[in-house]
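Please consult the sequence and the structure shown below while reading.

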Amino acid sequence: MKTKLPILLSVIVAFALLAGDSPRTQTPPPVIAFPGALHTWVYDANSRGQVVGCYYYEEGYNPETGYPYQHLNGFLYYKGEYTSIEVPGDKFTIPKGIKENGEVYGLYVDLEWSPDWEHSFTWRKGRFTLTP
């Protein structure tokens, strides 16, 4: 049994080396962190390398509550560049996915927090289609 273990390990290492590039030659995936954000979440990516998600940041303070104003916006990351995705007049914009053609889809929350406060959207090349 002792002589079979080194042979088995050699076979496993050989298959691992033949299965793909060595970790030293692979390009690591980019770190996705929206500039200036406190937190960044990635939700989806397509085969073209386009990545969508949302980022969180605080800005100023609400004098009535003493808490910071909080923002949760979406983003598209592609070829090293970030594009913010924010439904005008919303509270939160959360992209949930991206299609192969680059169309982003997700949900947004309006500022009134009405009974129908959650809505869906699609976004492509800077243009929104909103669903009430």
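## Confidence and basis of the model

The protein chain has an average pLDDT of 79, and 74% of its residues score at least 70; pLDDT is the predictor's confidence in each residue, from 0 to 100. The model is predicted, so local features need pLDDT of at least 70 and side-chain atom pairs count only at pLDDT 80 or more, while totals for chains, interfaces and linings use all residues. Residues are numbered from 1 along each chain as its sequence is written, and side-chain values use heavy atoms, with hydrogens and water left out.

Confidence in the protein chain is lowest in H1, with a mean of 40, and highest in E4, at 95. Over residues 1-24 the pLDDT is below 50, and beyond near neighbours in sequence this stretch has one contact in the model, where contact means heavy atoms within 4.5 Å. Where pLDDT is low, the predicted coordinates should not be read in detail.

## Overall architecture

The protein chain contains one helix and eight strands. Along the sequence these elements follow the pattern α-β-β-β-β-β-β-β-β. Helices (H or I, at least four residues) and strands (E, at least two) are DSSP runs, numbered from the N terminus.

Of the 132 residues in the protein chain, 28% count as buried. Buried means under 20% relative accessible area, exposed over 50%, and partly exposed in between (1.4 Å probe, protein chains only). Among the contacts in the protein chain with a separation of 6 or more, 29% come from residues 24 or more positions apart.

## Aromatic residues

Seven aromatic pairs are found in a search of the whole structure. Rings of Phe, Tyr and Trp (its six-membered ring) pair if their centres lie within 6.5 Å; planes under 30 degrees apart count as stacked, over 60 as edge-to-face and the rest as tilted. The ring centres of Phe34 and Tyr82 are 5.4 Å apart and their planes stand at 75°, so this pair is edge-to-face. This pair links distant parts of the chain, 48 residues apart: Phe34 is in the loop between helix H1 (4-19) and strand E1 (39-45), and Tyr82 is in strand E4 (residues 81-85). Phe34 is buried, at 13% relative accessible area, whereas Tyr82 is partly exposed, at 24%.

In the pair of Tyr55 and Tyr57, the ring centres are 5.9 Å apart and the planes are at 15°, so the pair is stacked. Tyr55 is buried, with a relative accessibility of 5%. One aromatic cluster is formed by Phe34, Tyr55, Tyr57, Phe75, Tyr77 and Tyr82.

## Charged side chains

Side chains of opposite charge can pair when their charged atoms come close. A salt bridge is a side-chain nitrogen of Lys or Arg within 4 Å of a carboxyl oxygen of Asp or Glu, and the count by this rule is one. This salt bridge joins the side chains of Glu103 and Lys99, at 2.9 Å from N to O. Lys99 is partly exposed, with 41% relative accessible area. Glu103 lies in the loop between E5 and strand E6 (104-110). Leaving aside residues up to four places away in sequence, Glu103 touches Gly97, Ile98, Thr122, Trp123 and Arg124.

The charged end of Lys96 sits over the ring of Tyr43, 4.4 Å from the ring centre; the criterion is NZ of Lys or CZ of Arg within 6 Å of the ring centre and within 35 degrees of the ring normal. Lys91 belongs to strand E5 (residues 90-98) and is partly exposed, at 27% relative accessibility. The C-alpha atoms of Lys91 and Asp110 are separated by 5.3 Å, although these residues are 19 residues apart along the chain.
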